[in-house]
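Me: Hi! I've just opened this one and I'm new to it. Could you walk me through it?

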Amino acid sequence: MLMNTEKYSMFRNRLEKVFRHISKLARRQVISCYRVYNYDLPEFPFCIEVYDDKIYMAEYKKRFEMADKEHDEWMDGCLKIVSEVMQIPANRIYVRQRQRKENRESQYEKLNDTKDFFIVEEQGLKFAVNLKDYLDTGLFLDHRITRNMVRLEAKDKQILNLFCYTASFSVYAADGGAANVISVDLSKTYLKWAEENFKLNGFTDKTKYHFVHADVKQYLDQLPKDQFDLVIMDPPTFSNSKRMDDILDIQRDHVELLNKTLRAMKKDAVMYFSNNLRSFTLEESRIEASLIKDITKATTPFDFRGKLQRWCFKIIK
């Protein structure tokens with residue numbers, strides 16, 4: 001299935017339009033890492049993000065299949081357009097192919113081992129990013145606003161970050177003056193990455209910042225009551241990792257997860273709960289909270305408007 005000139009022109013025109021608009025907003029807000037394009041045209045199933053002077057370009061697996069040679073020629077044409085429109089050389093465009101998925105379990109899948117990390121800044125903080133070795137980059141750009149909300153609320157508080165990934169939320173909490181931050185994840189690789197993010201920002205006090213390798217479902221059973229002031233929970237939608245004692249299905253398990261977490265929180269403590277299941281329904285009546293507010297829209301950054309595929313709730317005990 002060869003793409004004709006008209007199709008390429010459609011892609012170029014769309015990319016020019018969105019890049020002109022979004023890059024202008026990014027410059028105004030002094031943001032150097034942002035999303036430009038996400039499956040805007042079905043014939044060009046890409047997610048395209050800017051990381052400083054580099055581009056991360058994920059190709060979703062398409063409904064229509066091409067032969068290898070045909071695909072290579074098509075991709076060359078797409079890369080040429082992306083490079084020209086965004087004025088970034090092709091050798092600084094990092095291409096990945098991924099399934100269109102609703103969980104983050106495959107973020108743990110290592111694709112390469114180049115250890116090609118570089119540092120980006122977001123709202124005054126530094127983060128290590130890798131565009132070669134994993135499907136995900138190390139920094140989920142859709143939670144930029146939510147992270148800053150945590151920073152503004154963190155002063156002198158006991159913070160728990162569950163399913164922490166590379167712990168960007170935890171870094172923001174530390175920067176906000178948190179008294180104590182515990183970051184929990186099933187992956188030792190990502191916990192090590194999390195520690196590096198802390199070091200990059202000068203947060204090295206091991207009496208205040210803790211990294212726990214654990215299955216969150218089991219870890220919650222061990223927590224004492226009334227311990228935390230602020231909790232972040234951003235789980236995968238589904239996980240059957242061999243490292244887990246049980247399967248995680250966020251629609252099935254969210255009530256249990258949330259209630260166990262709420263028991264470990266102080267009265268009037270806040271939890272930010274997010275997930276990526278598009279069909280997700282929060283079972284509010286079964287959750288032991290005094291207030292639940294859907295803040296999905298309020299936490300949607302400018303570069304994700306109309307394209308966001310995750311939920312976010314503020315839950316108060």
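Predicted model: local features only at pLDDT ≥ 70, side-chain atom pairs only at ≥ 80, totals over all residues.

Reply: Happy to; we can go through the sheet, the helices, the core and a few single residues.

Me: Good to know. What order do the strands take in the open sheet?

Reply: The order is S9-S8-S7-S10-S13-S15-S14, seven strands with mixed pairing. Strand S9 (209–213) and S14 are the edge strands, each pairing on one side only. From one strand to the next, the twist averages 15°.

Me: Let's look at S13. How many of its residues are buried?

Reply: Eight of the 11 residues in strand S13 (residues 265–275) are buried, so the rest of the structure largely encloses this strand.

Me: And in which sense does S13 pair with S10, parallel or antiparallel?

Reply: Parallel: strand S10 (residues 228–233) and S13 share five bridges.

Me: What about S13 and S15?

Reply: That pairing is antiparallel, over six bridges, with strand S15 covering residues 311–316. Serine 274 stands opposite cysteine 312 in S15.

Me: How many bridges join S14 to S15?

Reply: Four, and those two strands run antiparallel. Along that pairing, isoleucine 292 stands opposite isoleucine 315 in S15.

Me: Where is threonine 296?

Reply: Threonine 296 sits in the loop between strand S14 (291–294) and S15.

Me: Is threonine 296 buried or exposed?

Reply: Buried, because its relative accessibility is 13% and the cut-off for buried is under 20%. The side chain of threonine 296 also makes a polar contact of 2.7 Å with that of aspartate 294. Leaving aside neighbours within four places in sequence, threonine 296 is in contact with Leu308, Arg310, Trp311 and Cys312.

Me: Nice. Switching to helices: which strands does H4 lie across?

Reply: H4 lies across strand S7 (158–162), strand S8 (180–185), S9 and S10, and runs at about 175° to S8. Helix H5 (residues 188–200) packs on the sheet too, touching S8 and S9, and its direction makes about 170° with that of S9.

Me: How many of the residues in H4 are buried?

Reply: Seven of its eight, so to speak a mostly covered helix. The buried ones are Ser168, Phe169, Ser170, Val171, Tyr172, Ala173 and Ala174. Just after H4 comes glycine 177, which takes a positive phi of about 90°.

Me: At what angle do H3 and H4 pack?

Reply: Helix H3 (residues 144–153) and H4 pack at about 35°, and their axes are 7 Å apart. The crossing of H3 past H4 is right-handed. On the H3 side, Thr146, Arg147, Asn148, Val150 and Arg151 take part, meeting Ser168, Phe169, Tyr172, Ala173 and Asp175 in H4.

Me: Now the core. Which residues touch the most other members of the largest nonpolar core?

Reply: Those are Tyr51, Val120, Ile159 and Phe198, out of the 41 residues in that core. Helix H4 (residues 168–175) gives the most to this core, with five residues.

Me: What does phenylalanine 198 touch?

Reply: Not counting residues up to four places away in sequence, phenylalanine 198 touches Ala167, Ser170, Val171, Ala174, Val181, Phe203, Tyr209 and Phe211.

Me: Last topic: S2. How many of its residues are buried?

Reply: Six of the six residues in strand S2 (residues 46–51) are buried, so S2 is largely enclosed by the rest of the structure. Both of its faces are covered, with Phe46, Ile48 and Val50 buried on one side and Cys47, Glu49 and Tyr51 buried on the other.

Me: And which strands does S2 pair with?

Reply: Strand S1 (residues 33–38) pairs with S2 in the antiparallel sense over five bridges, and arginine 35 has glutamate 49 in S2 as its bridge partner. Strand S3 (residues 54–60) also pairs antiparallel with S2, over six bridges. There, the partner of valine 50 is isoleucine 55 in S3.

Me: How many residues lie between S2 and S3?

Reply: Two, and the strands form a hairpin. In the turn, aspartate 52 has a positive phi of about 55°.

Me: Great, thanks!

Notes
Residues numbered from 1 in each chain as written. Heavy atoms only, no water. Buried < 20%, exposed > 50% of the residue type's maximum accessible area, 1.4 Å probe, protein only. Pairing = 2+ DSSP bridges. Core = buried A, V, L, I, M, F, W, Y, C linked by side-chain atoms within 4.5 Å. Contact = heavy atoms within 4.5 Å. Polar contact = N/O pair within 3.5 Å; in protein donor to acceptor, adjacent residues only side chain to side chain. Axes fitted to C-alpha atoms, helices over the stretch in contact; angles between N-to-C directions. Left-handed = near helix turned anticlockwise from the far one by under 90°.
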